[in-house]
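Here's a quick briefing for anyone meeting this structure for the first time. Have a look at it, then read on.

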Amino acid sequence: MSKRCYLLTIFLFVTWILHASFATAQVSGRSVKMGAMLPLTGGMASWGKNQQIALEIAREEINASGGIGRVPLEIVTYDSQGDPKEAINVVKKLTQIEKVFIILGPTTTSECEVVFPLANQLKIVIVSPTSAAPGISGKNRPWPFRNSRTSDKKMDPAIKKWIDYYKIKTAVIIYDAKDALAKSEATLVYPPILIKYGIKILDNLTYVTGDIDFSAQITKINHLSPDGILIGGNPVEAANIVREARRQGMKQAFIGGGSTCTADLIRLGGKDVEGFFSGTHVWIERPDARMQKFVKNFMDKGKTILAGQKPDSGAVCIYDSVYITKEIIEKAKVTNRPDDLEKDREKIRDGWTNLTDFPGITGLTTMDKFGDGAGDNYVLMVKNGEFVTVK
Amino acid sequence: MLLQQLTNGLMLGSGYSLVAIGFNLVFGVLGLLNFAHGGVFMIGAYVGVVLIVIFKFNIYLAILGSMVVCSVLGLVVELLAFRPIKKEHHLAPLIATIGLTIIIQEAAIKVFGPETIGFPKTVEIQNFNLGPVRISSVQILIFSTSILLMMGLHFFIKLTKVGKAIRATAEDSQTASLLGVSINQITVLTFIISSALAGAGGVLIGLNYNSVHPFIGMNMVLKGFVIILLGGLGNVTGAMFCGLILGMIEVLSVAYLSSSYRDAFAFLTMLLILVIRPSGLFGLRIHER
């Protein structure tokens with residue numbers, strides 16, 4: 001070979017090697033696909049809508065700064081309607097047809113109970129940003145996770161502070177008999193905590209999701225005269241329960257599970273919910289720059305003609321979950337090549353399993369050995385129309 | 001406590017009555033189960049909120065405004081789901097109204113969002129103690145409005161010429177038209193009255209329970225159906241009383257039995273009535289259609 005030819009060959013060879021190493025280290029493909037299953041219709045629709053807004057914010061932010069490993073992020077969303085039957089269809093579609101890396105969702109514990117085993121079967125990571133009934137992840141290792149806090153972790157310190165603050169000796173529990181989380185809180189989480197702190201439980205009452213009239217239950221509770229009342233259920237009914245209680249002249253203190261700790265409670269309850277306690281890992285008013293930026297973006301994006309509202313815990317945690325997954329994809333060198341789909345999904349699973357002290361906008365997030373979130377928790381109380389921490 | 005529970009039931013029931021009266025009127029006069037009544041009810045509640053929040057109306061003007069808007073909506077329902085549908089098949093208009101309800105619901109979700117909203121706190125609600133029982137000003141308003149509207153409707157139908165025309169159409173529309181009654185006009189009037197009542201009901205019930213979302217109409221219409229069966233098909237007075245009875249059944253079953261079966265008790269009662277007394281508690285005879 002002539003000298004020129006020789007140099008050209010060396011040059012081409014070196015370029016090819018550099019290109020090849022570049023290609024294996026970088027995420028390839030047109031887009032990185034994450035899946036989301038949200039309750040966009042049905043009774044949990046506002047949770048779904050809020051998470052959709054949060055996902056859109058995360059996607060725009062990530063793509064504005066170059067995407068994941070320089071490939072744009074695409075989030076494929078399906079409506080699970082909050083219905084376990086539809087949830088199964090959605091998981092199958094996202095895993096097998098859309099071939100996403102990870103599924104963010106579902107919102108309700110009832111859906112988790114059916115799709116977590118399915119995720120194990122299909123070998124795909126599924127991360128619920130909201131489900132909080134204890135034990136669900138632990139039963140279904142290793143693919144499902146919950147970037148939330150189970151009720152027992154949040155409510156133990158909250159109930160303790162509530163009892164001390166209001167000097168409570170007797171209590172009544174009222175809960176939503178149709179909701180898996182509420183039922184678990186009222187029957188499995190609250191009673192042992194109350195007994196531990198020496199509180200007498202006078203009665204358990206129920207209602208069902210969607211009820212608007214609570215006069216019968218409140219009259220009954222009024223008759224029992226407890227010092228305090230615990231609610232298990234969603235914030236809409238919780239707010240109206242407190243409203244009805246105040247209307248019937250009751251002055252007792254209330255405390256609700258983490259799902260009541262949202263702006264909806266204050267919006268619907270108004271002055272009546274002043275002094276309402278809750279335990280949560282998502283404190284919207286946290287004086288943290290990234291949290292407040294997210295809240296502001298969220299309120300701008302989510303306006304309808306009547307309500308421009310603050311994000312709920314689902315929105316915040318799903319936002320964090322997108323960023324956690326992004327970091328895992330980049331650090332674990334996920335390739336995004338179609339042949340590597342199984343291996344890539346395993347890398348994502350390992351990333352979530354070993355997640356320790358990730359700096360999310362909720363605070364530091366870690367996954368415990370059961371696949372549930374562990375990290376900061378806050379005891380909050382409604383004061384002057386906002387949730388504030390209780391000292 | 002029993003007295004308060006009975007009062008709770010009465011108050012809940014008067015809300016149901018308000019919705020059931022209009023529902024029953026359309027059925028009595030036109031033989032149509034107008035499921036779009038639920039959609040109109042829900043829009044009535046939203047209109048009330050919009051009028052109070054954006055236009056700063058007071059509650060009475062909001063009720064009136066809602067009644068006006070819902071009358072127009074009722075006219076639209078008549079034009080879209082009733083008039084163009086061939087009456088040969090009994091169920092066709094019914095299904096058309098179900099379809100229209102779904103459209104109205106989806107439109108509400110698009111415009112207002114699916115989340116639950118409440119009435120703003122600018123609407124003052126006072127509470128009164130009548131002896132051992134506590135009632136709110138809204139509940140008194142609902143109760144008295146139901147009774148007033150029912151009485152008004154009753155006298156309208158019994159004493160006015162137009163009311164006579166309505167009764168004639170209800171009894172036999174063919175003969176009535178032979179005698180000079182304009183069936184189209186009566187149909188439109190029936191829809192307008194019934195929708196105005198639904199609108200008023202929407203505002204009052206939305207205000208009382210502080211829960212307005214796109215799905216509140218569905219449940220109301222199902223309860224309305226139970227009430228008209230209980231009260232006798234087409235019997236407006238019957239609808240009024242049976243609304244109250246249903247409210248009391250629901251509250252008492254929640255208070256003394258189990259809240260998980262609240263709706264089950266309502267429908268169980270309906271089944272019992274259908275078996276024991278199919279013409280309803282106040283019905284005189286079963287309508288042949």
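In this predicted model, 29 residues of chain B are in contact with 29 residues of chain A (contact means C-beta atoms, placed from the backbone, within 7 Å). Local features need pLDDT of at least 70 and side-chain atom pairs pLDDT 80 or more, while totals for chains, interfaces and linings use all residues. Residues are numbered from 1 along each chain as its sequence is written, with chains lettered from A and ligands numbered from 1 in the order written.

**Where chain B touches chain A**
- α1, α2 (36–53), α4 (92–112), β2 (133–136) and α10 (236–256) of chain B each bring at least two residues to this side; helices (H or I, at least four residues) and strands (E, at least two) are DSSP runs, numbered from the N terminus.
- α1(B) gives the largest share, four residues.

**α1 against α5 in chain B**
- Helix α1 (residues 2–30) of chain B packs against helix α5 (residues 137–159) of chain B at about 35°, axes 9 Å apart; axes are lines fitted to C-alpha atoms, for helices over the stretch in contact, and angles run from 0 to 180 degrees between N-to-C directions.
- Among the residues that meet here are B:M11 and B:L18 in α1(B), and B:F143 and B:L149 in α5(B).

**Helix α9 of chain B**
- Of the 16 residues in α9(B), 13 are buried (20 or more other C-beta atoms within 10 Å of the residue's own, C-beta atoms being placed from the backbone).

Note on methods. Contact = placed C-beta atoms within 7 Å. Buried ≥ 20, exposed ≤ 12 C-beta atoms within 10 Å, placed from the backbone.
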